[in-house]
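Dear colleague,

My findings follow directly after it.

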Amino acid sequence: MNVFDVISRHVNWAGQRYSVAAANVANVDSPGYRAKEISDFELEMNDTAMRLMRTNPGHMSLDGQTGDQTYDVTDQKSIDETHSGNNVVVENEMKTIGDSARAISSDTALYKLFHRMTIAAAKG
């Protein structure tokens with residue numbers, strides 16, 4: 001796996017993490033809503049080494065998977081719970097959103113840097 005693949009997967013992971021946290025914030029007042037979280041990127045990278053991936057939307061799917069890598073979403077373990085059974089902590093979700101946005105920004109800058117280095121090396 002090359003550096004471009006790893007960066008691309010990390011951007012995808014951070015984007016999905018951002019979406020999960022945004023959904024938690026959107027449901028902050030929903031009675032009984034259980035906050036969700038996405039699996040760690042490192043664990044997913046260790047698990048994906050031998051998995052087949054659908055790389056083109058025109059290709060047949062082996063098990064219903066799409067071309068994008070998806071990550072496990074589970075209920076957050078939280079000790080904070082409102083009277084309605086909701087366990088979303090807005091401060092934690094906003095931190096996750098900020099961390100995800102910074103990760104996407106850093107990954108994009110790193111991708112551009114490696115791309116420029118590759119082009120410069122190819123030109124000689």
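**Findings**

Of the 124 residues in the protein chain, 26% are buried (under 20% relative accessible area with a 1.4 Å probe, protein chains only; exposed means over 50%, and partly exposed lies in between). The model is predicted, with local features requiring pLDDT of at least 70 and side-chain atom pairs pLDDT 80 or more, while totals for chains, interfaces and linings use all residues. Residues are numbered from 1 along each chain as its sequence is written, and side-chain values use heavy atoms, without hydrogens and water.

The chain contains three helices and two strands (DSSP runs of H or I, at least four residues, and of E, at least two, numbered from the N terminus). Their order along the sequence is α-β-α-β-α.

Two aromatic pairs are present (ring centres of Phe, Tyr or Trp, the last by its six-membered ring, within 6.5 Å; planes under 30 degrees apart are stacked, over 60 edge-to-face, the rest tilted). F4 and Y111 form an edge-to-face pair, because their ring centres are 5.0 Å apart and their planes stand at 70°. Since F4 belongs to helix 1 (residues 3-26) and Y111 to helix 3 (residues 90-123), this pair ties together parts 107 residues apart in sequence. Y111 is partly exposed, at a relative accessible area of 36%.

The rings of W13 and F41 have centres 5.7 Å apart and planes at 55°, so this pair is tilted. W13 lies in helix 1 and F41 in helix 2 (residues 41-47), 28 residues apart. Both W13 and F41 are buried.

Yours sincerely
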